[in-house]
Amino acid sequence: MDRFKFRVAIKQPDGTYKRYPVEDMLFCNPISAVYRDGSKEFPYGRDVEIDGDKAILEQCTGSPDKNKELIYDGHIVLANMPDLPKLEAVVKWKRGAWWLEYDDASDDTLDRIIQDGATLEIIGNLHEK
C-alpha cells in the first residue's frame with residue numbers, strides 16, 4: 001500500500017536533496033537511518049541522523065499526481081480545481097489527515113479536493129524551496 005511508503009531525503013554537498021526509499025535502508029526511524037548498500041552515494045557515511053536538515057523522513061500520501069508520480073509530505077503541488085484558478089500548495093500531515101496549505105494560509109484536506117475533481121501536479125519540494 002503506497003500510503004505507508006517512506007523515503008529519506010539526504011542533503012548532498014551541493015545543498016540539493018537525493019531521496020532514498022526506506023526499503024534501501026537497513027534501519028530507519030524518526031531518529032536515524034543506516035544505509036544497507038555502501039555502493040550508492042551516501043555523503044555522511046553508512047548512517048545519518050534524521051535531523052530535519054541533513055536528512056528528512058518523508059511519508060507518501062498514497063495519492064498520485066496527474067503524471068502518476070506519488071505525492072509525499074513536503075511536496076509543493078499545483079492544484080487545478082474545476083471552475084477555480086490554479087493554486088500552489090504544500091502537502092503536510094496534520095490533525096490526522098493529509099492537508100494542502102495554500103499561500104494565503106487557508107487549507108483543504110487532500111482527500112476532499114480530489115473528491116471534488118481537482119488534479120494535482122508536483123512542482124517542487126518544501127525542503128528545496
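**Entry 1: strand E6 and its partners**

I started with two strands: E6 and strand E7 (residues 70-72) run antiparallel and are joined by two bridges. I took strands as paired if DSSP finds at least two bridges between them. This is a predicted model, where local features need pLDDT of at least 70 and side-chain atom pairs count only at pLDDT 80 or more, while totals for chains, interfaces and linings use all residues. Residues are numbered from 1 along each chain as its sequence is written, and side-chain values use heavy atoms, with hydrogens and water left out.

Cys-60 stands opposite Tyr-72 in E7.

Strand E1 (residues 6-11) also runs antiparallel to E6, with five bridges joining the two. I noted Ala-9, whose bridge partner in E6 is Ile-56.

Why is strand E6 (residues 55-64) largely enclosed by the rest of the structure? Seven of its ten residues are buried, so the strand is largely enclosed. Buried stands for under 20% relative accessible area, exposed for over 50%, and partly exposed for what lies in between (1.4 Å probe, protein chains only).

I picked Ser-63, which lies in strand E6. Ser-63 counts as buried because its relative accessibility is 12%. Leaving aside neighbours within four places in sequence, I found Ser-63 in contact (heavy atoms within 4.5 Å) with Glu-69, Leu-70, Ile-71, Leu-110 and Ile-114.

**Entry 2: the whole protein**

I counted one helix and twelve strands. These are DSSP runs (H or I of at least four residues for helices, E of at least two for strands), numbered from the N terminus. The pattern along the sequence reads β-β-β-β-β-β-β-β-β-β-β-α-β.

Of the 129 residues in the protein, 36% are buried. Among contacts with a separation of 6 or more, 44% are between residues 24 or more positions apart.

**Entry 3: nonpolar cores**

I looked up the nonpolar cores, which are sets of buried Ala, Val, Leu, Ile, Met, Phe, Trp, Tyr and Cys residues joined through side-chain atoms within 4.5 Å. The largest has 14 residues, and Val-77, Leu-100, Ile-113 and Leu-120 have the most contacts inside it. Strands E8 (75-80), E9 (87-94), E10 (97-102) and E12 (119-125) and helix H1 (110-115) each give two or more residues to this core. The largest share, three residues, comes from E10.

**Entry 4: rings and charges**

How many aromatic pairs does the rule give? The count comes to one. The rule takes rings of Phe, Tyr and Trp (its six-membered ring) with centres within 6.5 Å, and calls planes under 30 degrees apart stacked, over 60 edge-to-face and the rest tilted. The pair is Trp-93 with Trp-98, edge-to-face, at 5.1 Å centre to centre and 70° between the planes. Trp-93 is partly exposed at 42% relative accessibility, whereas Trp-98 is buried at 8%.

I also checked charges over rings (NZ of Lys or CZ of Arg within 6 Å of the ring centre and within 35 degrees of the ring normal). The charged end of Arg-7 sits over the ring of Tyr-72, 3.9 Å from its centre. The charged end of Arg-95 sits over the ring of Trp-99, 4.0 Å from its centre.
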